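Colleague: Could you take a close look at the aromatic pairs and describe them in one connected account?

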Amino acid sequence: YTLVPTHDVDKPYLFNGWKKSFRYIVGSLKRGRFGELKRFGKCLISGVDPFDTHSRLMDLAELSSVKAYFFFLQKGKDRADENHEIDTPKIKDLFQRIRDREHIIGYHPSYNAYNDEVLFRKEKQNLERITGEEIDCGRHHFLRWDVKATPQIWQENNMKWDSTLGYADHAGFRCGVCYPFPLYDLKNNRQFDVYERPLIAMEWSLIHYQGLSIDQAEAKVKELKNQVKKYNGEFVFLYHNSAFFVDEYINVSDRLLTAFYN
């Protein structure tokens, strides 16, 4: 049995310039997220960025004697992308913090890169240029996947493993297994070198999509982990660095994250 904590870093920091802060305030007002807006103001005054939970996530991984994987999203072309630059001193410092503690930096391709080889390659090379290291693992934004195109793109870009294949709307075994397995070239009837590490559970699925209470979510995580342990598989889970700040999770994030680890 192996615990594999992964973190899609859609937005490394909440406070990233006054223009984006202003847009966040306007967006929160439009969506009626007044709780988040109030917390935003308190954090802005205190100088504590609520999205900078990376050290805490690394602490938990180290207590469990495992590596944490941080998959970084870049500035994309779609509204679903967070539209932030990663070539900044602040994010470069974050990359160094992750490296210093021997955790892993991975690739989170933007919304349209799942079937666009040129865009995929461009973003991957940019991430490698900024981090100064080879990137060989990751997961697609919004779990976007095209069985005819995506595995081929990963193969051609020398990636080792992906962890996109999980359900967005509920936790469970989308691939039917909890083991890494090689992706397959349906066109040429051959096995790729790239492996899939199936995503078993995501915090957003449990609370937001399934609408579970914290007690129900904890029970579901325990059930899934016991299944994985029964077959000596990998419990790959996704917890966003920004989840602690969102209205749905503000009162349950500590318990839910503990459930993933314990």
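Modeller: What follows is a description of the aromatic pairs and their surroundings. This is a predicted model, in which local features need pLDDT of at least 70, side-chain atom pairs count only at pLDDT 80 or more, and totals for chains, interfaces and linings use all residues. Residues are numbered from 1 along each chain as its sequence is written, and side-chain values use heavy atoms, with hydrogens and water left out.

The structure holds 14 aromatic pairs, where rings of Phe, Tyr and Trp (its six-membered ring) pair if their centres lie within 6.5 Å, and planes under 30 degrees apart count as stacked, over 60 as edge-to-face and the rest as tilted. One of them joins Phe-51 and Phe-245 edge-to-face, at 5.9 Å centre to centre with 80° between the planes. Phe-51 lies in the loop between α2 (34–46) and α3 (54–63) and Phe-245 in the loop between β9 (234–238) and α9 (253–261), so this pair ties together parts that are 194 residues apart in sequence; helices (H or I, at least four residues) and strands (E, at least two) are DSSP runs, numbered from the N terminus. Both Phe-51 and Phe-245 are buried, that is, under 20% relative accessible area with a 1.4 Å probe and protein chains only.

Phe-72 and Phe-95 also form an edge-to-face pair, 4.7 Å centre to centre and with 75° between the planes, which links strand β2 (residues 69–73), holding Phe-72, to helix α4 (residues 89–100), holding Phe-95, 23 residues apart. Phe-72 is buried at 0% relative accessibility, and Phe-95 is buried with a relative accessible area of 1%.

Conventions
Buried < 20%, exposed > 50% of the residue type's maximum accessible area, 1.4 Å probe, protein only.
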